[in-house]
Amino acid sequence: ELFADAASQMTSFVAVPFTWIGDGTEGRQALSDAGVSVTGWVSHDEVGAILRSARAMFHTGAWEGQPLAILEAVEMGLPVVAFRSRALDDAPPDCMVSNAHEAAVMLAHVLESESNAEVNRAQWRAYFASNTRVEQASALRRAYGTNAPLEAGNNWLILHWGSRGGGPAFFREMLEALDHDERIVTFASYS
């Protein structure tokens, strides 16, 4: 309902269309009542097309570990306003909101001028700057107490899949996407 409340409050600042990408019975009526367009479940390509036509992205998820939706929006050059959550504790504070009123104010600010939007985008780019393979590998080595450098041809890729997907084809695709010589260690868990 945070999204619907922000959309309703936004009309007092500037009239912009709000689109909810996804579906679900919970909260759908509140979204509709607030004038929010609901796409229903759409393909990843359709999500991309919708985001390319957007002027900003408002992320309300509270339970995601590291929201890929934010990463994708930032990569597409969108300013992003996000709901404060434990997963985003270290996210740019000037891009985070705690309630619908703050969201409406911040979204209006970001949409007010290109310079405001660029400040927002720059903060997110800085936040994700260390989200690279090399930086993530370094963080893993620190977490596991080893400073051993990764050497070409001597890197291990440890993959995990649960009972709902994955499998050998997934791992071959991952390896091809990485485009390196990697050894693969896999393990599965079942719930």
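Colleague: At about what angle to β3 does α4 run, given that α4 lies across β3 and β4?
Modeller: The model is predicted, with local features needing pLDDT of at least 70, side-chain atom pairs counted only at pLDDT 80 or more, and totals for chains, interfaces and linings using all residues. Residues are numbered from 1 along each chain as its sequence is written, and side-chain values use heavy atoms, leaving out hydrogens and water. Helices (H or I, at least four residues) and strands (E, at least two) are DSSP runs numbered from the N terminus; axes are lines fitted to C-alpha atoms, for helices over the stretch in contact, where contact means heavy atoms within 4.5 Å. Between N-to-C directions, on a scale from 0 to 180 degrees, α4 runs to β3 at about 165°.

Colleague: In what order do the three strands of the open sheet stand?
Modeller: Strands count as paired if DSSP finds at least two bridges between them. The edge strands are β3 and β5 (96-97), each pairing on one side only. The pairing is parallel, and the order is β3-β4-β5.

Colleague: Which residue of β5 stands opposite A82?
Modeller: Strand β4 covers residues 80-83 and runs parallel to β5, joined to β5 by two bridges. The residue of β5 opposite A82 is M96.

Colleague: What is the bridge partner of F58 in β4?
Modeller: Three bridges hold the parallel pairing of β3 and β4. The bridge partner of F58 in β4 is V81.

Colleague: Which element supplies the largest share of the lining of the largest pocket?
Modeller: The largest pocket has a volume of about 930 Å³, and T19, I21, L51, M57 and F58 are the closest to its centre among 31 lining residues. The largest share is four residues, and the element is α3.

Colleague: How many residues in that lining are nonpolar?
Modeller: The nonpolar class is Ala, Val, Leu, Ile, Met, Phe, Trp, Tyr, Cys and Pro; Asp, Glu, Lys and Arg are charged, and the others, Gly among them, polar. The lining has eight polar and four charged residues, and the nonpolar count is 19.

Colleague: Is S85 buried or exposed?
Modeller: S85 sits in the loop between β4 and β5 and, apart from neighbours within four places in sequence, contacts G61 and A62. Buried means under 20% relative accessible area and exposed over 50%, with partly exposed in between (1.4 Å probe, protein chains only). Because its relative accessibility is 12%, S85 is buried.

Colleague: How far apart in space are E75 and W124, C-alpha to C-alpha?
Modeller: E75 belongs to helix α4 and is exposed because its relative accessible area is 69%. In sequence, E75 and W124 are 49 residues apart; in space, C-alpha to C-alpha, the distance is 9.5 Å.

Colleague: Which elements do the buried residues of α1 pack against?
Modeller: Helix α1 spans residues 2-10, and its buried residues are L2, F3, A4, A6, A7 and M10. They pack against β1, α2 (28-33), β3, β4 and α5.

Colleague: What percentage of the residues in the protein chain is buried?
Modeller: The chain has eight helices and seven strands. Of its contacts between residues at least 6 apart in sequence, 55% join residues at least 24 apart. Among the 191 residues in the chain, the buried part is 30%.

Terms used. On a 1 Å grid over the protein atoms alone, a cavity is a set of points where a 1.4 Å probe fits but cannot get out, and a pocket is an open set with protein on both sides within 12 Å along at least five of seven lines; lining residues have an atom within 4 Å of a point. Grid points are joined across faces, edges and corners, and a volume is the space filled by probe spheres set on the points.
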